[in-house]
Amino acid sequence: YKGGARFYEILQMMRKAIAVVISVFLSKHSIEVQAMAMLLMVLISFILHIRLRPYDDQNSSVRMNSLY
């Protein structure tokens, strides 16, 4: 992680806990409601990930070149 993004692991644990909460407390609702709540949680997680950029990118060119 980058120096200022050490809290990112906590965000990941919260995301997983929210997924459990959604699946447990929305189990009485339709599958569409559960899916929309899960999609909203994933969208928010994705936006946070893109905006925070928590991973150190010192060797990103090396990692990208290793994919080809």
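To begin with, how many helices and how many strands does the secondary structure of the protein chain come to?

Reply: This is a predicted model. The protein chain has three helices and zero strands, and its elements follow the order α-α-α from the N terminus. Of its 68 residues, 15% are buried. The accessible surface amounts to about 5,700 Å², and carbon and sulfur atoms hold 67% of that area.

The nonpolar patch covers about 1,100 Å². Its members are Phe-7, Ile-10, Met-14, Ile-18, Leu-40, Leu-43, Ile-44, Phe-46, Ile-47, Leu-48, Ile-50 and Leu-52. Two elements, α1 (8-25) and α2 (31-52), each give two or more residues to the patch. The largest share is that of α2, with eight residues. One of the patch residues, Leu-43, sits in helix α2. Leu-43 has a relative accessibility of 46% and so counts as partly exposed, since that class lies between the buried limit of 20% and the exposed limit of 50%.

The helices α1 and α2 also pack against each other, at an angle of about 175° and with 10 Å between their axes. Angles over 145 degrees count as roughly antiparallel, and α1 and α2 are therefore roughly antiparallel to each other. On the α1 side the contact is made by Tyr-8, Leu-11, Arg-15, Ile-18, Ala-19, Ile-22 and Ser-23. On the α2 side the contact residues are Gln-34, Ala-37, Met-38, Met-41, Ser-45, His-49 and Leu-52.

Across the protein chain, among contacts with a separation of 6 or more, 50% join residues 24 or more positions apart.

Conventions: Residues are numbered from 1 along each chain as its sequence is written. This is a predicted model: local features need pLDDT of at least 70, side-chain atom pairs count only at pLDDT 80 or more; totals for chains, interfaces and linings use all residues. Side-chain values use heavy atoms; hydrogens and water are left out. Patches are made of residues with over 30% relative accessible area and no salt bridge: like charges are joined within 9 Å, nonpolar side chains (Val, Leu, Ile, Met, Phe, Trp, Tyr) within 5 Å. Accessible areas come from the Shrake-Rupley method with a 1.4 Å probe; for residues, only the protein chains shown count as cover. A salt bridge is a side-chain nitrogen of Lys or Arg within 4 Å of a carboxyl oxygen of Asp or Glu. Helices (H or I, at least four residues) and strands (E, at least two) are DSSP runs, numbered from the N terminus. Buried means under 20% relative accessible area, exposed over 50%, partly exposed in between (1.4 Å probe, protein chains only). Axes are lines fitted to C-alpha atoms, for helices over the stretch in contact, and angles run from 0 to 180 degrees between N-to-C directions. Angles under 35 degrees count as roughly parallel, over 145 as roughly antiparallel, 65 to 115 as roughly perpendicular and the rest as oblique. Contact means heavy atoms within 4.5 Å.
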